[in-house]
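Visitor: Could you walk me through this one, a few questions at a time?

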Protein chains: 2
Amino acid sequence: MSANRDELSPLALLRRSAQAYPDRVAVRDGDRTLSFAALAERAWRLGNALRQLGVGPEERVAMLSLNRAELLEAHFGVPAGRAALCAINTRLAPPEVRFIVGHCGAQVLLLDPELEAAAGQALELPGLRVVRLGHEYEALLESAATTPPDWPDSEDRPISVDYTSGTTGTPKGVVYTHRGAYLGAFAGLVETHLGPEGTYLWTLPMFHCNGWCFSWGVAGVGATSVVLRRPEPAAVWRELRAGATHLCAAPTVLITLFAHADAAPLDHIVTCVVGGAPPSPTLIERGEALGIRLTHLYGLTETYGPASVAAWPPEWDALPAEERAVRRARQGVPTVLGGEIDVWDAEGAPVPRDGSTMGEVVVRGNTVMAGYLDDAEATSEAFRGGWFHSGDAAVVHPDGRIELRDRFKDVIVSGGENISTIEVEQALARHPAVLDCAVVGVPHDHWGERPKAFVELRPGAEATAEELTAFCREQLAGFKCPDSVEYVSLPRTATGKVQKFVLREREWAGRERRVN
Amino acid sequence: MSANRDELSPLALLRRSAQAYPDRVAVRDGDRTLSFAALAERAWRLGNALRQLGVGPEERVAMLSLNRAELLEAHFGVPAGRAALCAINTRLAPPEVRFIVGHCGAQVLLLDPELEAAAGQALELPGLRVVRLGHEYEALLESAATTPPDWPDSEDRPISVDYTSGTTGTPKGVVYTHRGAYLGAFAGLVETHLGPEGTYLWTLPMFHCNGWCFSWGVAGVGATSVVLRRPEPAAVWRELRAGATHLCAAPTVLITLFAHADAAPLDHIVTCVVGGAPPSPTLIERGEALGIRLTHLYGLTETYGPASVAAWPPEWDALPAEERAVRRARQGVPTVLGGEIDVWDAEGAPVPRDGSTMGEVVVRGNTVMAGYLDDAEATSEAFRGGWFHSGDAAVVHPDGRIELRDRFKDVIVSGGENISTIEVEQALARHPAVLDCAVVGVPHDHWGERPKAFVELRPGAEATAEELTAFCREQLAGFKCPDSVEYVSLPRTATGKVQKFVLREREWAGRERRVN
């Protein structure tokens with residue numbers, strides 16, 4: 001510890017809010033509220049409890065929970081115990097949850113009792129200590145001291161591990177550091193002007209890139225978090241009318257929200273960060289009419305959530321509504337705390353700024369992941385040339401702003417969730433009737449994109465679409481399973497490789513972009 | 001350069017604004033405007049020009065300039081040339097300027113022709129290259145390339161050296177780093193919600209702690225800087241009416257501003273950061289009535305300007321105006337990007353949180369200086385115990401907030417009781433006839449010391465000594481009230497601070513000690 005150096009850490013944010021706003025409501029979760037003083041006390045207790053349980057430095061603590069006060073406090077409490085939080089996607093199927101808990105090596109799983117079924121297979125992992133939210137969890141906190149945490153000895157220590165659907169079929173653990181999380185939190189705060197007079201509504205699951213780093217940032221500026229288990233439109237409208245000022249959501253959530261019977265213009269401006277997929281100009285216009293101003297951020301799990309923002313010169317407010325919506329739908333420029341973003345051709349050279357030549361989006365800076373957990377090969381592949389390769393295809397406009405057009409990697413983005421087509425193909429291929437298959441994303445009005453399976457059956461074998469889909473559901477989260485199955489003879493290259501792009505082109509014919 | 005690490009530097013802020021807001025007005029300086037693209041181009045030219053002149057890494061470049069577009073661009077251009085900017089207080093006398101230019105070892109002085117006289121003696125320094133703003137400076141920029149800068153190889157490299165006004169002894173050069181300046185810039189942005197739709201009015205001299213880091217921050221979020229050479233009240237009111245949204249000022253400036261003939265309520269809320277001395281509750285109340293909301297930050301040159309903020313839970317808006325003003329006048333808690341702040345007794349132990357025991361304000365964190373230039377002894381003295389010692393006396397309230405009570409030397413000990421001169425000054429300042437005042441301890445045969453008030457009345461106003469003392473007695477314990485009142489024009493430093501020590505010296509002339 002020295003007079004002029006603090007390791008950057010989100011822990012500083014809660015420590016400070018507990019001092020500046022001890023009596024303010026930090027979290028409202030149903031009928032329950034926690035002040036900032038209480039939130040800090042509980043977080044420090046959690047940290048001390050984990051150390052008592054034998055969790056060591058940099059070890060992972062897994063958590064499977066819907067949005068709850070406890071998940072927010074774990075964002076501070078787990079790192080307070082020097083460990084890294086692995087918040088698991090609550091929509092995953094039991095085998096997937098088991099894979100992640102096993103892969104991250106967690107000895108402790110904090111479990112929301114509502115998700116007992118999804119956790120099922122993970123509970124069998126040898127040596128895993130399961131602590132259920134409720135009496136068990138409260139007893140654990142009670143047993144521990146309220147002593148504030150020791151400071152991390154380096155800001156480059158891991159603070160969380162977020163699993164992403166990779167292109168390889170198995171999820172990869174994306175490692176965030178204290179430094180990156182701290183800077184990522186401020187990126188969200190500066191872009192949205194969130195302050196202590198703000199009320200942040202938790203529609204975005206906190207397991208998604210740690211709530212795009214808002215899990216740390218909202219508490220950090222003394223704003224109140226209102227926690228919703230699920231983004232049910234009636235509840236969201238109720239909270240917006242009650243005064244919520246900020247939220248984050250994928251376009252899918254907003255489509256439902258804006259189309260709901262309760263939708264009506266608000267009497268205050270709500271700032272909504274939209275990400276996970278490009279919002280349509282229609283969605284942006286509709287938001288404006290309701291008093292919900294959309295700030296469009298683009299990013300990936302590997303970039304702590306937001307990497308770029310459709311930064312908005314106020315002069316653009318004078319443009320016609322349609323033109324405004326077009327500009328807001330672009331992915332734009334790096335966030336104010338981000339680093340650099342560019343679009344490269346296959347040789348690693350920047351594409352011309354002509355608004356038409358496509359290349360791969362590459363990113364570098366302090367809010368790029370430390371790497372993939374225990375996967376040096378995938379990390380160095382992703383970081384080739386000193387930049388992180390997103391797998392997303394984009395153009396650069398003459399003003400330097402990027403716009404997403406397609407995806408190089410075999411990933412489908414559906415309702416803000418990533419789906420690895422390879423993972424779905426592997427699940428289908430396990431069926432005895434399937435000879436080979438290919439899964440591609442097809443455009444969908446509500447979800448953006450949905451997976452469609454193209455299947456070649458073994459000679460003489462039979463399997464209905466319903467049968468194959470049900471077979472998938474046993475292995476994968478429901479949202480990953482194909483909506484439709486088509487039986488075909490798969491198009492192949494001369495060397496026998498399946499040409500998925502041929503299938504995609506057919507499904508997306510007549511559209512300007514290959515992402516939706 | 002790696003995919004996931006950028007050395008933190010304000011250079012990133014201008015680079016990004018030039019990309020996100022190329023055509024926006026970055027600076028308006030009289031009839032002249034510069035877009036962000038132009039500002040960046042000129043800054044990079046300056047950096048390259050300085051390297052051509054032979055300025056080496058970490059060398060200082062001195063600049064003596066009123067607030068001008070060129071001073072703002074030097075905040076980026078000098079570090080772009082790998083050097084550190086030494087922006088000199090323009091109110092200093094020629095021998096003081098010469099001392100600073102010589103002490104910082106600058107080989108280049110960028111000189112505002114309006115300040116030729118103040119620079120006089122410095123110009124005689126051997127080997128000093130003087131570049132005058134105007135034709136000479138423009139020719140220098142023209143001669144250089146627009147290539148963007150190499151990135152600093154470490155975020156801990158110096159970016160600027162700011163000399164403290166030095167009430168005693170010789171000025172000391174306070175060294176800021178790229179990392180500290182970057183984080184300090186965001187502290188100002190987050191506390192004030194400044195964004196690209198904001199217009200920042202430069203009443204605060206940019207040489208003051210680099211404009212409390214706003215020199216970097218305003219440009220960093222794409223807000224427009226409106227530059228005023230001097231904070232003349234008529235010009236300030238004109239720009240506020242024209243739409244300026246943010247400014248920073250010392251209480252002295254605001255006292256004059258609020259008392260000016262043009263003062264009248266604004267049609268929009270202006271956010272004003274007030275610092276440099278504690279604002280009186282009266283001043284804060286007047287600001288509210290005019291639509292100017294004061295955010296009170298406390299700090300020193302050694303803390304990049306702001307170290308603490310009177311953080312404001314929105315619930316406090318419901319308090320009576322007087323209570324609001326009392327709370328806003330406290331120095332509060334660390335800024336959201338600051339580190340820790342405490343008040344220690346002489347043995348280095350925190351004082352009780354009782355709102356009455358005084359101690360010395362100590363600070364630590366990323367926005368504490370690297371040290372004093374070429375003065376290891378003063379640095380280690382200031383950093384004893386691992387915290388920076390401010391020399392300011394304060395109490396800690398039960399809620400953990402600090403409140404400045406005095407410089408140690410200005411505490412009056414009377415009959416065994418401590419009297420904060422600031423407390424007495426605030427009481428006097430509430431009187432409608434009082435424009436400004438200073439209270440110092442004077443020796444007294446019976447009580448040891450007694451407070452004496454030096455008062456400047458508002459033009460045309462009248463108040464007798466008896467009247468003012470009686471007014472104080474309504475608010476304060478009898479022993480705290482001044483025994484005598486003298487009507488004067490208050491002596492001030494070059495930076496506008498009241499020189500209480502001049503008043504004290506006069507009162508204590510001929511005595512060996514300054515306590516009695």
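This is a predicted model: local features need pLDDT of at least 70, side-chain atom pairs count only at pLDDT 80 or more; totals for chains, interfaces and linings use all residues.

Guide: Residues are numbered from 1 along each chain as its sequence is written, with chains lettered from A and ligands numbered from 1 in the order in which they are written.

Visitor: What radius of gyration does chain A have?
Guide: The value is taken over C-alpha atoms, and the globule rule is 2.2 Å times the number of residues to the power 0.38. With 516 residues, a compact globule would come out near 24 Å, which agrees with what chain A has: 23 Å.

Visitor: How many residues does chain B bring to the contact with chain A?
Guide: Two residues are in contact if their C-beta atoms, placed from the backbone, lie within 7 Å. Chain A gives 41 residues, and chain B gives 42.

Visitor: Which elements give two or more residues to that side of chain B?
Guide: Helices (H or I, at least four residues) and strands (E, at least two) are DSSP runs, numbered from the N terminus. The elements of chain B are α1 (11-20), α7 (178-192) and β15 (333-334).

Visitor: How many residues of α1(B) are buried?
Guide: Buried means 20 or more other C-beta atoms within 10 Å of a residue's own, all placed from the backbone. The cover over the buried residues includes β15 (333-334) of chain A and, from chain B, α2 (36-52) among others. The helix α1(B) is largely enclosed by the rest of the structure because its buried residues number ten of the ten.

Conventions
A residue is buried if 20 or more other C-beta atoms lie within 10 Å of its own, exposed if 12 or fewer, and partly exposed in between; C-beta atoms are placed from the backbone.
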